[in-house]
Amino acid sequence: MSGNSKKRFGVSVPYHVAEKLDNLAGLFHCDRSTIVSNALNEYIHENLHEDREHKCRGVIVVYSRSPLPSSIISRYSSVITSYSVHRMGDGFIIVIIVEGSSKLISELRRLVSSGSRIQRYLPLDDLNMLSQ
C-alpha cells in the first residue's frame, strides 16, 4: 500500500469530545479526520517504540504535586542524562532527558505517570529507523 492511501474505520467518542473536535476543526480550518490522524500519529510515535527493546532517547515531561523521590532518580540513573524540577502553581514541572534501554525508559515512564497529573514522552528517535 502506498503511504498516501487511507483506511476508513469508525471510532466512537464521548459527545463532549466530538464537540471539542468539531470546534478544533473549525479553528484550524480542516476536517476531523485530519485532526484525528495527526493525534494518532503523535500517540503512535510516543508509544509504539516500546514494541521491542532498543536504545532509545527522548524527553519525559511530568506535571506532579511533588518532585520525584531521589530513590527513583538513583534507580534509573543509567538512563537519566539530565533532570530538572520547576515549581509552578501548586505543582512541579519535571523534565527528564533519557537515553538508553527502551525497557528501562518505559518502566520509568510508568512509574512517574502513576503519581503525576500529566506525563508526556517525546521520543527523539525516528520510528522509521526502528522498523528496519
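Start by selecting residues 102–114, which form helix α4. Helix α4 has 13 residues and spans 18 Å from its first C-alpha to its last, close to the 18 Å expected at 1.5 Å a residue. The expected span of a helix is 1.5 Å times one less than its number of residues. Helices (H or I, at least four residues) and strands (E, at least two) are DSSP runs, numbered from the N terminus. This is a predicted model, in which local features need pLDDT of at least 70 and side-chain atom pairs count only at pLDDT 80 or more, while totals for chains, interfaces and linings use all residues. Residues are numbered from 1 along each chain as its sequence is written, and side-chain values use heavy atoms, with hydrogens and water left out.

**Stop 1**

Within α4, select Ser 102, Ile 105, Ser 106, Leu 108, Arg 109 and Val 112, which are buried. Buried means under 20% relative accessible area, exposed over 50%, and partly exposed in between (1.4 Å probe, protein chains only). Why are these residues on the same side of α4? They cover an arc of only 160 degrees around the axis, which puts them there. The arc is that of the directions from the helix axis to the C-beta atoms. An α-helix has 3.6 residues a turn, so residues three or four places apart point the same way.

Now turn the view to the face of α4 directed away from its buried side, where the exposed residues Lys 103, Arg 110 and Ser 114 are found. Then show what covers the buried residues of α4: the cover includes α2 (32–47), β1 (55–64), α3 (70–75), β2 (80–88), β3 (91–101) and β4 (116–123).

At the start of α4, select Ser 101 and Lys 103. A side-chain oxygen of Ser 101 comes to within 3.2 Å of the backbone nitrogen of Lys 103.

**Stop 2: Gln 119 in β4**

Next select Gln 119, in strand β4. Is Gln 119 buried or exposed? Gln 119 counts as buried, because its relative accessibility is 13%. Its side chain and that of Arg 109 are joined by a polar contact of 3.3 Å. A polar contact is a pair of N or O atoms within 3.5 Å; within protein, one must be able to donate a hydrogen and the other to accept it, and residues adjacent in sequence count only if both atoms are side-chain atoms. Not counting residues up to four places away in sequence, Gln 119 touches Glu 46, Ile 60, Val 61, Val 62, Arg 109, Val 112 and Ser 113. Contact means heavy atoms within 4.5 Å.

**Stop 3: Ser 64 in β1**

Move to Ser 64, in strand β1. With 6% relative accessibility, Ser 64 counts as buried. The side chain of Ser 64 reaches the backbone oxygen of Ser 66 at 3.0 Å. Which residues is Ser 64 in contact with, leaving aside its neighbours within four places in sequence? They are Gly 91, Phe 92, Ile 94, Gly 115, Ser 116 and Arg 117.

**Stop 4: helix α1 and the residue after it**

Select α1 (15–28). This helix has 14 residues and reaches 20 Å from its first C-alpha to its last, close to the 20 Å expected at 1.5 Å a residue.

- Ala 25 is in helix α1 and is buried, with a relative accessible area of 8%. Leaving aside its neighbours within four places in sequence, Ala 25 is in contact with Cys 30, Asp 31, Arg 32 and Ile 35.
- Leu 24 also lies in α1 and counts as partly exposed at 34% relative accessibility.
- Phe 28 lies in α1 and is exposed, with a relative accessible area of 54%.

After α1 comes His 29, in the loop between α1 and α2. His 29 has a positive phi of about 55 degrees although it is not a glycine. At 74% relative accessibility, His 29 counts as exposed.

**Stop 5: the largest pocket**

Finish at the largest pocket, with a volume of about 940 Å³. 20 residues line this pocket, and Lys 7, Phe 9, Ser 33, Val 36 and Ser 37 lie nearest its centre. Which helix gives the most to the lining of the largest pocket? Helix α2 does, with eight residues.

On a 1 Å grid over the protein atoms alone, a pocket is an open set of points with protein on both sides within 12 Å along at least five of seven lines, and lining residues have an atom within 4 Å of a point. Grid points are joined across faces, edges and corners, and a volume is the space filled by probe spheres set on the points.

Terms used
1 Å grid on protein atoms, 1.4 Å probe; cavity = no way out; pocket = protein on both sides within 12 Å on 5 of 7 lines; lining within 4 Å.
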